[in-house]
Each structure stands twice: as structure tokens, then as C-alpha cells.
Amino acid sequence: MNTFPHIPRERLPALLAAMPKAELHIHIEGSLEPELIFALAERNRVSLAYPSVEALRAAYAFTDLQSFLDIYYAGASVLLTEDDFHDMAWAYLRKAAAENVLHTEIFFDPQTHTARGVDIGIVIRGLKRATVRARAELGVSAELILCFLRHLSEDEALQTLEQALPYREHFIGVGLDSSERGHPPEKFARVFARCRELGLHLVAHAGEEGPPEYIRNALDVLKVERIDHGVRCVEDPALVRRLAQERVPLTVCPLSNIKLRVFGEMHQHNLGELLAAGLVATVNSDDPAYFGGYLNQNYLETFAALPLDASHAYTLARNSFEASFASAEDKARWIERLDQLFDEFR
Ligand code: HPA
Ligand code: ZN
């Protein structure tokens, strides 16, 4: 039922852009635009395999997750100094503020950088400086989530955790990303158990390319609080019922799913189905510089292609706040602003 009948369909694009929202699935290295890649390459005298911004952008034609990851890790090779990490995150945070993002929980991949000899302190301090600045200058609340690369070993993840512990107060949780197939959640049971003891929030990518079983094991073995992507849960009706009952949030990334061919076209995306099943689904950008748009573009293209109305928009924005790791007070304040916008909107 559309509980906002006073908002007609033709007003949806303006509503989606204007509504206050949170972003819970953004890889900061995936916000690195080709122009900034080239600027940083020049600043740091790093050579790139592509002669120009246009040639690099032309290579953004992906067939699956791995074909994207190969180019995404190559792009991140220009990041060397604390300022580089700050500048990348600051560029994203300014865009987020302009799109009415009030709160964002940002993934970063330290192993992509430590493998090239960059100290983890440079990575974390640079990103943290941008998040502190975002609160002061943009009024955007921003937190960091450290992700382990699942194509590497659990011992390497444990080493990365040890390296990160001097900066424990700078990040709120850990996640699991990179190549999903063949790297099931249970491979990281020990490191996630250790993170849980440390009081870190836990999330994991599961059910993007991997089977529903990976979602179950992320919940049962890793004890994660949210599932990143999770769209393949629909292949297992009992799992869908469980996710709804336990109110496990899914951070869905529609444009990413199309670019990486998880779904053929946007009208085939299952976001509407997930919402109809009562799941706490959210909309996110994943790697906006690579997948054709930031958060609002994800909302716009999804609503243009699927039979979704203003009540779905409200649910998605509200879910984004409720699924966040922010305080109850912050959530209530943000939801009040959301309610206000929907009251005013005509
Ligand atoms: N899946 C897995 N790893 C990733 C992704 C993704 O969508 N984006 C960046 N790293
Ligand atoms: Zn992701």
C-alpha cells in the first residue's frame, strides 16, 4: 500500500534526491574517479597501464566481479601518502553531502595498500582526517569499516588486524570483501571471533555471486550483523524468512549488480521482491566511480525501472538509518528529518 498518496510518481526523482539517507556499502577505493587516479599518478610518479582518462574509462566494461576487481586494484595503486587517502575520501564525502547523505559507513581495504609497502597508519590516518573534516565542514557523520580481502589467507587477515589495532578507535567494525566464490565465510572464523571479542561491529559480503549458504554461514559462523549484497537469498525461501524475522539488513547495490551481471537489466533486479518479503533492504553505491553513479543515481535508476512508489522510498531511507551502527539518538533525529520531508513533499 502506498502510504504517501499525496506524492505522485512524477515527483519521485526529486523526492529520492532530496530525502535524507545513509550509505552503508561504499568501498572508498571504488570512489576513486579516473581523473583523480591520473592526478595522483602524476603527483606520486606512478606509471599506469592506460595512456589517458578516456582509455581507463573505456576499460570499465565488466563481465563479473573478478573482471572488476582486477581493474579496481590497479586503480588503487596510485594511493601512497596520507594526503592521497584524505583527498580520495574527501571527494566522496563532498558528493555524499550534496546528495543528502547524513551518515555513511565507509569500507576500506588496507591489504590492497600494505601489500604495496604503504603503512596501515598512513591509510587509516588519511581516511580518518577526511571523516573528521566531513562532520565539521559538511555536517556529514562518517565512520570507517576495515575490510579483509577474502582471496588472501586468514593468517594475513589476522596480521592485518594486529597492524590496525593501534588505530582501534578510528574504525567501528570489520567486513569481508573481494572474490567471493571459493572463499566462503567460514575461512575467516577465527579472525571474526577475535574482532567480536574486541567489540567491533561485523559485516560481510555474501550472496552477491556466492550461494545462499554463504549468507547462512556469514550469520552462523562469523556472526555478522548485516549482509552486504545478499541478493541471492531469494533462492532459499527459508533463509528469506529468517532474514525478515531477525531483521538482518541487506546492503543492496543496484547499479553494481547490473554492471557485474548479477542481474541482466535493472527491471530484473529483485529489490522490490526483497522489500515485499519484509527484508530490511537498503540502497547503496558499492563502487560509484566504476559502476556509473553515486547513491542518488542508484535510487533514481532503480525506481525508474521497477514498480516502486513513495512508500518504498520512505522504507528504504528509513531502513538505511535503522540498519546503521549509529546511536539510537542519531537514528531518531535523522528519521525525524525524513518524516518532515515526506510531510512537506508535494
Ligand atoms: N564485492 C566484493 N568485493 C568488492 C566489491 C564487491 O562488490 N567492491 C569492492 N570490493
Ligand atoms: Zn561491495
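The largest cavity in this predicted model holds about 100 Å³ of space. Here a cavity is a set of points, on a 1 Å grid over the protein atoms alone, where a 1.4 Å probe fits but cannot get out. Its volume is the space filled by probe spheres set on those points, which are joined across faces, edges and corners. The lining counts 15 residues (those with an atom within 4 Å of a point), and the closest to the centre are His27, Leu65, Phe68, Leu69 and His205. Helix H4, spanning residues 65-75, gives the most to this lining, with 5 residues; helices are DSSP runs of H or I with at least four residues, numbered from the N terminus. Sorted by class, the lining comes out as 6 nonpolar, 4 polar and 5 charged residues. In that count Ala, Val, Leu, Ile, Met, Phe, Trp, Tyr, Cys and Pro are nonpolar, Asp, Glu, Lys and Arg are charged, and the others, Gly among them, are polar.

So what takes up the space of the largest cavity? It is ligand 1, going by the rule that more than half of a molecule's atoms must lie within 2 Å of the grid points. The shell around ligand 1 (residues with a heavy atom within 4 Å) includes Tyr72, Asp177, Ser178 and Asp286. H4 turns up again, with the largest share of that shell at 4 residues.

His229 has a polar side-chain atom 3.1 Å from an oxygen atom of ligand 1. The protein covers 100% of the 260 Å² of accessible area that ligand 1 has on its own, by the Shrake-Rupley method with a 1.4 Å probe.

The whole-structure search finds 2 cavities of 30 Å³ or more. Helix H5 (residues 82-98) supplies the largest share, 3 residues. This lining has 5 nonpolar and 3 charged residues, but no polar ones.

Residues are numbered from 1 along each chain as its sequence is written, with chains lettered from A and ligands numbered from 1 in written order. Local features need pLDDT of at least 70 and side-chain atom pairs 80 or more, while totals for chains, interfaces and linings use all residues; side-chain values use heavy atoms, leaving out hydrogens and water.

Key: 1 Å grid on protein atoms, 1.4 Å probe; cavity = no way out; pocket = protein on both sides within 12 Å on 5 of 7 lines; lining within 4 Å. Helix = DSSP H or I, 4+ residues; strand = E, 2+ residues; numbered from the N terminus. Polar contact = N/O pair within 3.5 Å; in protein donor to acceptor, adjacent residues only side chain to side chain.
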